[in-house]
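These notebook entries set out what I looked up in one structure.

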Amino acid sequence: MVKCDHNKSLDLDVSEINVFFYDFENNIERDFPINEAAQGILSLSNLDKVKKLFVFVGGYKSAINKDTEQRVRDTFKNFPNSYLIIIDHSPYTNNKIGNKKGYERSVKYVYFIGKQLAQMLVGLFQGGISAENIHCIGHSLGSQILGHTGSIFIEATDQKLSRITALDPAGPCFSNSLIEEQVRSGLAKHVEVYHCNAGSLGTSSVLGDVDFFVNKGISQPNCGTPLLPGFFDSPKAARCNHKTCVRMWLASVANPDWYPAFKCEKYKYFKNDKCSRNDRTIAGFWNPGNASGVYYFSTVGYKFN
């Protein structure tokens, strides 16, 4: 059990967050303290304010030099007419004091990280970057951070970010918390949530405009999950299930026709092919943003590891 503190009155300092900005087309990489990031990005001489801006926020124990962040860079380095931002909040979300205490500490900082990121995006918006061109992607704790980012951005601008993609939003300290502490529908023009390890490291709550359950949404192929997932998982299996959401989604960027998904009430109906005549959409990066409700899809046969 972990102790969960969502106290927003603590006024915690998060000025050590680093913002990494990538303009792959022009071979430009810059990093800024988050308090200076909006001004720094807007001052770049060749900045094209009409390009798409992807913002990635990792989870607990993430950092700019980790494998997930490298996968994100590799995925978007050839994506046309776009920039990439990666948020490194590791000074506040690391496990240097131990996994349990480190996670409890990280949860205390979620609101303040989300708020500071929102203020950065507000600065970019005020500098001429349209909210319509900002797509935020979060994994685990990063997804929950984006809940606060989206909410505060709306309060400050009366505008909504184009999209929030929440990849297996963190479950511990959030599944049983108030909805205001979680990423959710209404915080962007389209909020899509992907579930890969629901009930364990990820939340089982249905939160978005559309919620995608990947395979069963609890465990993933080739992760060594036992017959009763969530109860007897090894830490390695749980992490594998949890990270599958990132790997699966990133792989879809280069594969527009992957992951046909079907609206379905339960996994057993989907598995038994009882939802094949229901509403259908494409899950992943190319999801058109017009689906709502709960959808299931399978990753069997797709290679993304």
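What percentage of the 305 residues in the chain is made up of buried residues? I read that buried residues make up 54% of them, where buried means under 20% relative accessible area, exposed means over 50%, and partly exposed lies in between (1.4 Å probe, protein chains only).

**Entry 1. Source and conventions.** I note that the model is predicted, that local features need pLDDT of at least 70 and side-chain atom pairs pLDDT 80 or more, and that totals for chains, interfaces and linings use all residues. Residues are numbered from 1 along each chain as its sequence is written, and side-chain values use heavy atoms, with hydrogens and water left out.

**Entry 2. Overall fold.** I looked up the secondary structure and found 7 helices and 11 strands; helices (H or I, at least four residues) and strands (E, at least two) are DSSP runs, numbered from the N terminus. The C-alpha atoms fill a box of roughly 55 × 40 × 35 Å along the principal axes. Of the contacts with a separation of 6 or more, 71% are between residues 24 or more positions apart, a contact being heavy atoms within 4.5 Å.

**Entry 3. Disulfides.** I took a disulfide to be a pair of cysteine sulfur atoms within 2.5 Å, and by this rule the count comes to 4. One of them joins Cys4 to Cys173, with an S to S distance of 2.1 Å. This pair links distant parts of the chain, 169 residues apart: Cys4 is in the segment before β1 (18–23), and Cys173 is in the loop between β6 and β7. The link is left-handed, with -85° about the S-S bond. Cys4 is partly exposed at 40% relative accessible area, whereas Cys173 is buried at 11%.

Cys196 and Cys245 are joined with an S to S distance of 2.2 Å. Here Cys196 is in the loop between β7 and β8 (210–214) and Cys245 in helix α6 (residues 235–252), 49 residues apart. The torsion about their S-S bond is about 100°, so this disulfide is right-handed. Cys196 is buried at 0% relative accessibility, and Cys245 is buried at 0%.

For Cys264 and Cys275, I found the sulfur atoms 1.8 Å apart. Their link is right-handed, with 50° about the S-S bond. Both Cys264 and Cys275 are buried.

Counted along the chain, the bonded cysteines follow the pattern 1-2, 3-6, 4-5, 7-8. Cys136 is in no disulfide, and the nearest cysteine sulfur, that of Cys245, is 18 Å away.

**Entry 4. Arg184.** Where is Arg184 found? I located Arg184 in the loop between β6 (161–167) and β7 (188–195). Arg184 is buried yet has no salt bridge, and Glu180, the nearest side chain of opposite charge, is 6.1 Å away. A salt bridge requires a side-chain nitrogen of Lys or Arg within 4 Å of a carboxyl oxygen of Asp or Glu. The side chain of Arg184 reaches the backbone oxygen of Ile179 at 3.4 Å, and one of its polar atoms lies 2.7 Å from the backbone oxygen of Gln182. Not counting residues up to four places away in sequence, Arg184 touches Ser151, Ile179, Val191 and Leu207.

Conventions. Lys, Arg positive; Asp, Glu negative; His and termini not counted. Polar contact = N/O pair within 3.5 Å; in protein donor to acceptor, adjacent residues only side chain to side chain.
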